[in-house]
Amino acid sequence: KILVLGSASVHVKLIKAAQEMGIYTITTDNVPYEDSPGKKIADEYWNLNIYDVKEIVKKAKKEHIDGVICGWLDRIFKFVTNWDCHVMEMKNNFLR
């Protein structure tokens with residue numbers, strides 16, 4: 001399972017490529033379903049804001065997400081350090 005941060009039209013190609021490889025895809029952001037092309041094709045979608053790192057990590061742990069990708073959202077890169085800390089925490093918990 002992968003989690004795609006964002007569900008804009010630029011994410012559709014990424015979601016489709018993952019699905020073609022047999023990867024279950026989940027997308028999340030706080031954009032309404034009707035305005036989210038990615039949510040319409042993903043296997044599952046969440047309505048969590050991409051900046052709400054704590055809630056996304058909490059849900060990702062619960063749902064046993066294998067990977068997280070942000071694709072083409074340049075505005076999220078200022079949060080990379082915060083994500084790296086949570087990803088390492090998730091990785092360490094999965095390895096136990």
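**Figure 1. Pairing of strands S1 and S2.** Strands S1 and S2 run parallel to each other and are joined by four bridges; two strands count as paired if DSSP finds at least two bridges between them. One of the partners is threonine 25 in S2, which bridges to isoleucine 2. Helices (H or I, at least four residues) and strands (E, at least two) are DSSP runs, numbered from the N terminus. The model is predicted: local features need pLDDT of at least 70, side-chain atom pairs count only at pLDDT 80 or more, and totals for chains, interfaces and linings use all residues. Residues are numbered from 1 along each chain as its sequence is written, and side-chain values use heavy atoms, with hydrogens and water left out.

**Figure 2. The whole protein chain.** Four helices and four strands make up the elements of the protein chain, in the sequence order β-α-β-α-β-α-β-α. Of the 96 residues, 35% are buried (buried means under 20% relative accessible area, exposed over 50%, partly exposed in between, with a 1.4 Å probe and protein chains only). Contacts are heavy atoms within 4.5 Å. Among contacts between residues at least 6 apart in sequence, 49% join residues at least 24 apart.

**Figure 3. The nonpolar cores.** A nonpolar core is a set of buried Ala, Val, Leu, Ile, Met, Phe, Trp, Tyr and Cys residues joined through side-chain atoms within 4.5 Å. The largest has 10 residues: Leu3, Leu5, Ile26, Trp46, Leu48, Ile50, Ile56, Ala60, Ile65 and Cys70. At least two residues of this core come from S1, and at least two from helix H3 (53-62). A second, separate core has six residues, including Ile2, Val4, Leu14 and Ala18. In soluble globular proteins, nonpolar side chains tend to be buried together. Beyond its neighbours within four places in sequence, leucine 48 touches Thr28, Asp29, Asn30, Glu55, Ile56 and Lys59.

**Figure 4. Helix H1 and its cover.** Helix H1 (residues 9-20) has 12 residues and spans 17 Å from its first C-alpha to its last, close to the expected 16 Å; the expected span is 1.5 Å times one less than the number of residues. His11, Val12, Leu14, Ile15 and Ala18 of H1 are buried. Their cover includes strand S1 (2-5), strand S2 (25-28), helix H2 (37-41) and strand S4 (67-69). Glycine 22, which follows H1, has a positive phi near 85°.

**Figure 5. Histidine 64.** Histidine 64 sits in the loop between H3 and S4. Its phi is positive, near 55°, and the residue is not a glycine. Most residues other than glycine have a negative phi. Histidine 64 counts as exposed because its relative accessibility is 54%.

**Figure 6. Confidence along the chain.** The predictor's confidence in each residue, pLDDT, runs from 0 to 100. Its mean over the protein chain is 81, with 73% of residues at 70 or more. Among the elements, strand S3 (residues 44-46) has the highest mean pLDDT (97) and helix H4 (residues 80-95) the lowest (48). Over residues 87-92 pLDDT stays under 50, and the model has five contacts there beyond four places in sequence.
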